[in-house]
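Me: I would like to go through this structure with you. Could we begin with the helices?

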Amino acid sequence: MRKSPALASQRWALVRKRAGRIALYVTVAFVCVVIVFPLYWLVINALIPGREVFQYPPAFFPRTLRLNAYQEIIQLHPILTWLKNSVIVSSGTVLLALILEIMGAYALSRHGWPGRGLLALGLLSTQMIPSAVLVIPIFIIFRQASLVDSHIGLISVDTALTVPVGIWILKGAFDTVPEEISDAALADGCTELGVLIRMLLPLSLPSLVAVAVIAFFTAWDEYVFASVFIISQSLRVFSVGISTFIGEMATPIDLIFAAASIFVIAPLIFYAIVERYLISGLSAGAVKG
Amino acid sequence: MALPVAIYLAIVFAYPIGQEIYLSFTDARLLDRTPPAWVGLDNYRSLAGSGKFWLVIGNTLFYAVVANAAIIALALALALLLNRAFRGRKLARVITSLPWAFPEVAAVLVWSWMYNKDFGVMNVFVRWLPGVTENPSWLLDPKMAWFSIVLMTVWKIFPFFSLIILTALQLIDKELYAAAKIDGAGSFQLFRHITLPGIAPTLGIMTLLITIWGFRRFSIIYLLTGGGPGVRTATLVVFTYITAIRSLNVGLGGAMAIVGLIMSLVITVIYVFVTRRLGQAQI
């Protein structure tokens, strides 16, 4: 039996489509594996017996996994204190940053006042200043204000680091709410604060989530200020605690990885939960610039 | 409402910059009890005459160009990949953006272990390549150290920008593609005439942010190589930190900081000028 040419070309198109699909999935899988590998490697090295860490070539799929390293590192170093301090500083930063960002974004988005463009440019120029430049002058101010060696001091700096980006994103979100709607609400006797709380904020929820996440990560990750401003061991945050392991020889490496994986897992879980808000939240700001 | 925010930011950013400008004209040293003496342009003169400083400027530009180009190219490629419809796309989106949520200090910890000359897993990968018969000095040889820094930077930074491009891609009107396909446009033409113009403003502002964030990036380089060997992998920020905080020379460090700031400002002015010219002004 001979196949009709039409049928053959149809079948050929189907084969090509299938091959395209397979190529797509293979590419995506490959990219995912490459990107996620350092995370996998971190966790695996915390879970294998200590001596196997120094095995070369290393085993990609180790046979024995155990949790001893976690127990040991928690006994050896104040990991849980670092964790608690990081949670305090990061949550505090999120709260303070949200308040300031909402105020700043509202002012930029809703009020036509002179110097608006200048403030916008000022926000951008804050992004050019490295922490290493800011750390000494701010340290001097903070010493006079007794804010050195306190979580409040660190929170206020971390907030300042994240606020410019946050205002930018939130302003973009507020801009997408037509001015006519808020004007109508104002005409109906709603206060400006009422418009902000009942209208702009609910409509900008994804962007609020996005800036909260960015604030949280900024504080969780911040290292330069935390290492200079926090002196007491009991106030030390996780990023600084972890950095003391880099290049030191006393702590076994599997214990270090156990500590690092605790530090990493918290923001990753947080991120995985809020990720879907993030995309739409960023888009409002990203498009508007 | 803008006033408290502006004051807050002025205390944290403007005051230190003013202070830094002043210090850059003095011989101030950290932890020094005597007030600093005015030295005019001496710090800037000694920078201009220092071979080390020009090496660092070269490093900074090299890092900016190479890392940023790779970040933009990969971010665009990943965004285009994830913009296609396939099952598990949301999961892939979460997985590929994880490095953004990965704290930097911990990332350096795991990467420096991966780069370990004797036990690092990167040795395994690189020796799969033909012709590689021994473990490279990932962080000690200047060329390899740059490669290691750039690779880690790209891994850490590009996923976030890929998300941003993806959001821009998803806002492009799908009907434009349908209409162009009816007119017989090929996939390259679709990309060239619909996709690219659609995401151009985002790409523009993103490139600016990647560049100025790149100039001030500190932890990755400082914790990975410490700017070494010597200052071969030190960027301006790292060198500023080493000079001002480790060597206590705040005056000279201040001058470096100001030079760095001017570099970022120049980039921004060029950006504003170009986007105004193209009629895509975002600032």
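Me: Where is the kink in helix 8 of chain B?
Reply: In this predicted model, helix 8 of chain B has a kink of about 35 degrees at B:Phe158, shortly before the proline B:Pro159. The bend at a residue is the angle between axes fitted to the seven residues ending there and the seven starting there. Helices are DSSP runs of H or I with at least four residues, strands are runs of E with at least two, and both are numbered from the N terminus.

Me: What is the span of helix 8 of chain B from its first C-alpha to its last?
Reply: Helix 8 (residues 142-170) of chain B reaches 41 Å with its 29 residues, close to the expected 42 Å. The expected span is 1.5 Å times one less than the number of residues.

Me: Which bend does helix 10 of chain B have?
Reply: Helix 10 of chain B bends by about 50 degrees at B:Ala200, with the proline B:Pro201 following within four residues. The end C-alpha atoms of helix 10 (residues 187-216) are only 38 Å apart, short of the 44 Å that a straight helix of 30 residues would reach.

Me: Back to helix 8 of chain B: how many of its residues are buried?
Reply: In helix 8 of chain B, 24 of the 29 residues are buried. Buried means under 20% relative accessible area, exposed over 50%, and partly exposed in between, with a 1.4 Å probe and protein chains only.

Me: Is B:Ser24 buried or exposed?
Reply: B:Ser24 counts as buried because its relative accessibility is 0%. The residue B:Ser24 lies in the loop between helix 1 (2-23) and helix 2 (42-48) of chain B. Beyond its neighbours within four places in sequence, B:Ser24 has contacts that include B:Tyr44 and B:Ile258; contact means heavy atoms within 4.5 Å.

Me: New topic: how many residues of chain B are in contact with chain A?
Reply: The number is 82 residues of chain B, in contact with 88 residues of chain A. The two chains bury about 7,500 Å² between them, 82% of it on carbon and sulfur atoms. Buried area is the accessible area (1.4 Å probe) that two parts lose on being put together, summed over both.

Me: Which residues form the salt bridge?
Reply: B:Arg93 pairs with A:Glu275, the closest N and O atoms being 3.0 Å apart. One salt bridge is counted between the chains, defined as a side-chain nitrogen of Lys or Arg within 4 Å of a carboxyl oxygen of Asp or Glu.

Me: What conventions apply here?
Reply: Residues are numbered from 1 along each chain as its sequence is written, and chains are lettered from A and ligands numbered from 1 in the order in which they are written.

Definitions and conventions
Predicted model: local features only at pLDDT ≥ 70, side-chain atom pairs only at ≥ 80, totals over all residues. Heavy atoms only, no water.
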